[in-house]
Every structure is written in structure tokens, then in C-alpha cells.
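The sequence and structure come first.

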Amino acid sequence: MALQGNIPVIPTPFLNGEVEYAAFDRLLAYTLDSVDGYVACGSTGEAPALTAQERIEIVRYLSERMPAGKELVVGLGHTNLKEAIELGKAAADCGVRAALAPSPYYFPNSLKMVAEYMTALAEGTGLELVFYDNPVTTKTLFSTGDLLQLAEDVPSITAIKMTDHNLGKVRELKAHSDLTVFGGDDIICFRSFEAGVDGSMIIAPIIFPEAFRDSWKAYRSGDRTESYWIFSRTLLPFIHMFGPGDEIPTTKALFRELGLFSSAETRLPLLPADAKRIGELMLGYEAGKNGLLSLGV
């Protein structure tokens, strides 16, 4: 079965500098019924600040808590291919079948470089790959033709997470391939629906889980008006205050306010959200909660 649906990226909770595993349990209890799975140890999970052992232990912990029908996708962004393969192998041993993989960091990438890297990652791990098209962080811009060529060169690439705001690429990929395409940025979430994505790998589905699920279901059933009504009453006020640029500390601050995380800690170089920023965030969240009331949820 193809990977699809809403598979949100989740932050890694810390308490006194260590991973707080109990917070993962609270997050799953809050969201699991309304999502199709999770992406763990991606950029939202502060993967660059985690040790390799922490990443392995997080994936093991979460994989043990994934019921049948829910997917756990492992983030394999890294500066070291050998270690990325070791992480992927450990995830595969836990039953994980797919990885979210961006272009390699730091070096200017050519299409050939990325294809060689993704081939080695796929062959070394045996995982399906969701290629993360994120030109802002990887400083690598791919055209639709590049992505189609990459998927042809690396058959293990079965999906694309699209953070590029050129939504014409989503439409072109759906028209010219069988690739699954995930929306990858909260601030253009509904426009990604309109472009034809097969699901989302963003943060919004773990903020208002039921509302996001209901909006997506309405859209997929053909009721765009109902879908946007739900979205605009609940998710849009929050998303407007939420990003872009500091999604990780603001999400952690919100989860602390909601009692899901014991702490809003981040790891350097990220800094926690300050009081003013948290006030803006909570204004958006409370507006979304009021929207839920107007919908009778």
C-alpha cells in the first residue's frame, strides 16, 4: 500500500537536556486517532541536534507504540552517509518501511550528486524514500523534470514532500508520474490541497487533530466548501500566528501550555520562544479553539 495521508512531523520533547519519552506518550494519546502516522527525527524533531543513539532510541520507542495501520517514517537528514545508513537500518529493524530524506547538507548539490547519494541511502537501508524537496534549507532547487529524473534514477523514491511554494510542481508531478506527493509547509497547507497532494507532512495535524482530519476528509470527498470552512475557522488562525521560521520552539511552547510536554526546551542553536512570541501563538490557538466551538466540535 502506498504511503499517503496525514503523517505529521513531530518535535522531540526535552526535559533537563534529555529526551522526555513520557511526553511522546501524551502526544500520541492526543493525536493518534486523527492521523495516519508520524515523521520522527526530522528537522522539526531537531535531528541535527540529536545524537545517533538518541535518534535510534526514539524510533524504537515510537515504533513499539504504532498500532496497525499507522506509519512511522524516520527522518534521515544527515551530514554523514554511513551514519544515516546505520540509522535507517536500525529503523528498518523496528519495522519502519519509509524514510524522509532531504538533499545532503552543506555542499552545493547537483542532480547527479543527489541521485548517487539517494541510491546509496536506499540500497544501504532497504527503505522506501520520501524525497524532501526543501529549497530553503538545502539551498538546492529542483524543477519538476529534475524530480521526475531523480525518481527514475532512484526507484526507491516513491514519494515527494513538497515544501517548495511553486505548487505548479505538485500538479505536474501528479500529471506525469505515480509519485505520492505530500504537502510540506503549514502556511500553504490548503493551497496544497487544491494542488492535488495525497496528504501532508506538516505540524498542523497535531495542533487541532480532529479539525484537520475532518477538513481533509471533506476535501477528499469533494466538498471543498465544507473543508475550507473547517480549515478557516480552526487551523488558519493558528497557522497565521505560527510561522514561518520558528515552528519548533513555538510548537514546543504550545505543547507545554497544553500539558503535553513538561518543558519547551530546545537544543542549541535553537532558542526557546520568548514571552511575546508565545503570546502571539496563544492568540492564534485560542482563536482556533473558538472556531471549534462554532463548529460544534
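## Helix packing in a predicted model

Leaving aside neighbours within four places in sequence, T144 contacts K169, E172 and L173; contact means heavy atoms within 4.5 Å. T144 lies in helix α6 and is buried, at a relative accessible area of 9%. Buried means under 20% relative accessible area, exposed over 50% and partly exposed in between, with a 1.4 Å probe and protein chains only.

The model is predicted: local features need pLDDT of at least 70 and side-chain atom pairs count only at pLDDT 80 or more, while totals for chains, interfaces and linings use all residues. Residues are numbered from 1 along each chain as its sequence is written, and side-chain values use heavy atoms, without hydrogens and water.

Helices (H or I, at least four residues) and strands (E, at least two) are DSSP runs numbered from the N terminus. The expected span of a helix is 1.5 Å times one less than its number of residues.

| Helix | Residues | Expected span | C-alpha span, end to end |
|---|---|---|---|
| α9 | 209-220 | 16 Å | 17 Å |

In α4, V114, A115, Y117, M118, L121, A122 and T125 are buried. They lie on the same side of α4, because they cover an arc of only 165 degrees around the axis, taken from the directions from the axis to the C-beta atoms. Exposed K112 and E123 sit on the face turned away from the buried side of α4. Among the elements covering the buried residues of α4 are α3, β6 and α6. G126 follows α4 with a positive phi, near 75 degrees.

The buried residues of α9 include F212, W216 and Y219. Just after α9, G222 has a positive phi of about 100 degrees.
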